[in-house]
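Keep the sequence at hand.

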Amino acid sequence: MHLQGRQRLLAAALMLVSAGMAAAYGPMGVRVNAVNPGATHTERLQSGMQATARMLHISEEEAMAQATPMVV
């Protein structure tokens with residue numbers, strides 16, 4: 001599974017766990033919050049984008065744009 005697919009899978013899992021906990025514990029007055037950040041620009045991310053760009057014959061900027069779609 002590629003990076004973007006894993007990120008979406010993990011984001012969905014976090015959302016479902018948060019919703020489930022809120023449904024279970026909300027009636028008892030417990031608030032449930034979750035933070036689901038996007039990619040953090042690190043050396044590891046940069047090297048991954050370079051490899052993806054080479055493999056797909058695109059620029060690093062295009063690789064990054066494909067890996068981190070805009071959230072609206």
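Is Met21 buried or exposed, or partly exposed? Met21 is partly exposed, at a relative accessible area of 38%. Buried means under 20%, exposed over 50%, and partly exposed in between, with a 1.4 Å probe and protein chains only. This is a predicted model, where local features need pLDDT of at least 70, side-chain atom pairs count only at pLDDT 80 or more, and totals for chains, interfaces and linings use all residues. Residues are numbered from 1 along each chain as its sequence is written, and side-chain values use heavy atoms, leaving out hydrogens and water.

Met21 sits in helix α1 (residues 3-25). Helices are DSSP runs (H or I, at least four residues), numbered from the N terminus. Leu14 also has its place in α1. Leu14 is partly exposed, with a relative accessible area of 30%. Beyond its neighbours within four places in sequence, Leu14 is in contact (heavy atoms within 4.5 Å) with Ala34, Val35 and Asn36. The C-alpha atoms of Leu14 and Ala34 are 7.5 Å apart, though 20 residues separate them along the chain.

Now to helix α2 (residues 43-56). This helix has 14 residues. Its first and last C-alpha atoms are 20 Å apart, close to the 20 Å expected at 1.5 Å a residue; that span is 1.5 Å times one less than the number of residues. The buried residues of α2 are Leu45, Met49 and Ala53. They lie on the same side of α2, because they cover an arc of only 75 degrees around the axis. The arc is taken from the directions from the helix axis to the C-beta atoms. Turned away from that buried side is a face with the exposed residues Glu43, Arg44, Arg54 and Met55. Just after α2, His57 takes a positive phi of about 55 degrees.

Notes: Helix = DSSP H or I, 4+ residues; strand = E, 2+ residues; numbered from the N terminus.
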